[in-house]
Amino acid sequence: RRRKSLQSLLFGAPATAVLTFSASNNAGSAFASTLADDEIEEETSVGDESANSFTFEQIMETIKDDIIEHQYLITGDLNDVIYMPECEFKQPLQTIKGTADFKKRIGQLWDQSKSSVELLEVSRDDATHIVATWRITGALKNFYLFGSGKLAPFIGRTRYTLDPDSNKIVRSYEDWESTPWG
């Protein structure tokens with residue numbers, strides 16, 4: 001599967017451009033420059049620390065795409081442009097530091113042919129938090145840990161904490177309404 005560029009995701013534009021968001025324009029308009037198809041690059045102007053900032057709406061749309069289209073909670077395939085590189089991913093059974101480690105470890109955990117994520121809701125919680133509620137149905141690759149590996153469907157919530165300066169996710173805290181082993 002090919003990942004949509006952030007511009008394509010947010011504005012439906014061709015995936016041959018990259019966005020730079022600047023707080024100096026009150027409308028929050030985007031300026032595009034040409035890049036290769038799947039690249040997303042952050043550009044910074046000297047003296048403009050907000051150039052790498054995204055709006056809440058843009059981050060929420062990217063989270064929705066990551067959950068619905070890329071099933072990132074079971075594949076690890078997240079769009080890391082909205083995350084700080086050393087973001088902490090706290091889950092009930094483990095804490096993962098950094099987007100690269102998250103991608104690797106989550107991708108190795110789930111049997112993706114037998115697993116899926118359903119997005120139930122995404123909302124703004126307050127000035128620096130977004131909350132996503134979802135349901136996972138599936139099986140783990142290392143099935144010997146839980147018998148057959150098949151887990152009971154369970155509902156969980158992820159609370160994303162945004163850094164107020166960069167407006168990127170610095171912490172992803174996950175909790176579950178029920179346990180996946182029934």
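Tutor: Let's start with helix 4 and then move on to the salt bridges. First, some ground rules: this is a predicted model, where local features need pLDDT of at least 70 and side-chain atom pairs count only at pLDDT 80 or more, while totals for chains, interfaces and linings use all residues. Residues are numbered from 1 along each chain as its sequence is written, and side-chain values use heavy atoms, with hydrogens and water left out.

Helix 4 covers residues 99-109; helices (H or I, at least four residues) and strands (E, at least two) are DSSP runs, numbered from the N terminus. Its buried residues are Thr99, Phe102, Ile106 and Gly107. Here buried means under 20% relative accessible area, exposed over 50%, and partly exposed in between (1.4 Å probe, protein chains only). Those four sit on the same side of helix 4, because they cover an arc of only 115° around the axis, the arc being that of the directions from the helix axis to the C-beta atoms. Why can that happen? An α-helix has 3.6 residues a turn, so residues three or four places apart point the same way. On the other side of helix 4, you'll find Ala100 and Lys104 exposed. And what do the buried ones pack against? Helix 3, strand 3 and strand 4 (94-97), where contact means heavy atoms within 4.5 Å.

Helix 4 also holds Lys103, which makes a salt bridge with Asp80, their closest N and O atoms being 3.0 Å apart. A salt bridge is a side-chain nitrogen of Lys or Arg within 4 Å of a carboxyl oxygen of Asp or Glu. Asp80 belongs to the loop between helix 3 (72-75) and strand 3 (83-91), so this pair ties together parts that are 23 residues apart in sequence. Both partners are partly exposed: Lys103 has a relative accessible area of 29%, and Asp80 has 33%.

By the salt-bridge rule, the count comes to ten. Another one joins Asp126 and Arg159, at 3.4 Å from N to O. This pair links distant parts of the chain, with Asp126 in strand 5 (residues 116-126) and Arg159 in strand 7 (residues 150-162), 33 residues apart. Asp126 is partly exposed at 32%, and so is Arg159 at 31%. Asp125 joins in too, giving a network of salt bridges that links Asp125, Asp126 and Arg159.

Finally, take Asp111 and Lys114, whose closest N and O atoms are 3.9 Å apart in their salt bridge. Asp111 counts as buried at 18% relative accessibility, whereas Lys114 counts as exposed at 55%.
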